[in-house]
Amino acid sequence: MISDRYSGLSSPAMEEIDADAVKVAMLNITRYIDLMQVRPVLDSSNTARRHPNRFLEELGLTATSTVCETNHTSTVHPIHGDFDLFWNGVITDYKTGKAKTVDDIVRDMTMGSGAKYPEFQPLIYLALASEMKGSNDGFNLFYAMENDVESSDDDYDIGRNMRPVRIRRETLMECMTSSEDLIADLEEDLSRDFKPHVREILDTIASMAVGDPEDWKSDQALVDRIASIAGVRGKNAEKSTRTAIGKIAARLRGGMLINGRSVDIPRSTLDSFLLEVDRMHDEAVAGSLTDLPATPRIECRKCRFYEACTREVLPVNDSGDDTDE
């Protein structure tokens, strides 16, 4: 049914390829549902939904479940979301586009990162889940089209298509030092001198490092201490130690921990995000009650509210030319 609807839309020559891609995606979603052991109760009516599922309608099925395609609105913050699946305390969002790396995911949901397309869905959905009964503070991004060729094999590990994002009650440093996945990853990634000492190095960073992780390799006391732990000496000792610190720091961005194919978010980081959401919402509400006076007075196209501004763009250049300001 999906192939009939979507295959060959860009070109008739793509119909067979598109159909194969749909088959792989549906197979992978089925594998994921089996992996998660989803066994929902049919406890709601499809026809009663604001947006009934079209495929259920075509199949003549009226019963569906509240574990999927349901809207959730926060009682505390101005946020809401539609969950593709909420099962066993974990939210799943199915993605049919190009798969993102965990680096991409963290950058896109870090305010001020300069991401071309900011994406705060994981943070918003985790905040919603934390208000819900039975939540396990988990959010899975599932990329149905990832590894499409490899996933055609019967023994393919469908977990490779998942990007779990988890809320942790620990601090960022506690997340770092307690993560066995991170330790294993660093034991693979760091150079030979540092591999045997990963745990001690992480404990040292947790006790000594302050501020932005990107600045850790400039901390001479920290560099000297880690060089001593690894037993590196000579003219390249400082350079290799700073490189090792940089690789560790790259796993900590925006108050979050990149943990293999998953992301750990301390609750404090989520709370800071929600405070900013509340502040921005209050500012938007206040602006909606005014005529949105232009600020700044020049280069109004750089204003955060330019796209929503109801004022005409007026030239303010004293020379009388038509420069839009």
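Modeller: Glutamate 276 and arginine 279 share helix α11, three residues apart, about one turn of the helix. Their side chains meet in a salt bridge, 2.7 Å from N to O. This is a predicted model. Glutamate 276 is partly exposed, because its relative accessibility is 25%. Arginine 279 also counts as partly exposed, at 37% relative accessibility.

Side chains of opposite charge can pair when their charged atoms come close. Aspartate 271 is partly exposed, with a relative accessible area of 33%. Arginine 267 has a relative accessible area of 19%, so it is buried, the cut-off being under 20%.

Arginine 267 has a further partner. Leucine 274, also in helix α11, touches Arg267, along with His77, Ile79 and Ala127. That list leaves out residues up to four places away in sequence. Leucine 274 is buried, with a relative accessible area of 3%.

Beyond residues up to four places away in sequence, threonine 269 touches Gly254, Gly255 and Met256. Met256 falls within strand β9 (256-259).

What covers the buried residues of α7 includes β9, together with α6, α8 and α10. The buried residues in α7 are Leu182, Ile183 and Leu186. Seen down the axis of α7, they fall within an arc of 100°, so they line one face of the helix. Asp181 and Glu188 are exposed on the other side of α7.

Now α10, for comparison. Helix α10 runs over residues 237-249 and has 13 residues. From first C-alpha to last it reaches 18 Å, close to the 18 Å expected at 1.5 Å a residue. Its buried residues are Ala237, Thr241, Ala244, Ile245, Ile248 and Ala249. Seen down the axis of α10, these fall within an arc of 140°, so they line one face of the helix.

Arginine 242 and glutamate 238 both lie in it, four residues apart, about one turn of the helix. Their side chains form a salt bridge of 2.7 Å, N to O. Glutamate 238 is partly exposed, with a relative accessible area of 37%.

The pairs above belong to a longer list. The count for the model comes to 21 salt bridges. Elsewhere, Lys100, Asp104, Arg107 and Asp108 are linked in a network of salt bridges.

Methionine 132 lies in the loop between α5 (121-130) and β6 (138-143). It touches His72, Phe83 and Phe86, not counting residues up to four places away in sequence. Methionine 132 and histidine 72 are 60 residues apart in sequence, and their C-alpha atoms are 9.2 Å apart in space. Methionine 1 lies in the segment before α1 (2-6). With Leu59 and Leu61, Met1 makes a nonpolar surface patch of about 290 Å². Methionine 1 is partly exposed, at 43% relative accessibility.

Last, the whole chain. Its secondary structure comes to eleven helices and ten strands. The C-alpha trace spans about 75 × 70 × 45 Å along its principal axes. Of the 325 residues, 37% are buried. Among contacts between residues at least 6 apart in sequence, 57% join residues at least 24 apart. The accessible surface comes to about 19,200 Å², and 52% of that belongs to carbon and sulfur atoms.

Terms used:
Residues numbered from 1 in each chain as written. Predicted model: local features only at pLDDT ≥ 70, side-chain atom pairs only at ≥ 80, totals over all residues. Heavy atoms only, no water. Patch = residues over 30% accessible without salt bridge, like charges linked within 9 Å, V, L, I, M, F, W, Y side chains within 5 Å. Areas by Shrake-Rupley, 256 points an atom, 1.4 Å probe, with all protein chains shown as cover. Salt bridge = Lys/Arg side-chain N within 4 Å of Asp/Glu carboxyl O. Helix = DSSP H or I, 4+ residues; strand = E, 2+ residues; numbered from the N terminus. Buried < 20%, exposed > 50% of the residue type's maximum accessible area, 1.4 Å probe, protein only. Expected span 1.5 Å × (residues − 1). Arc of directions from axis to C-beta. Contact = heavy atoms within 4.5 Å.
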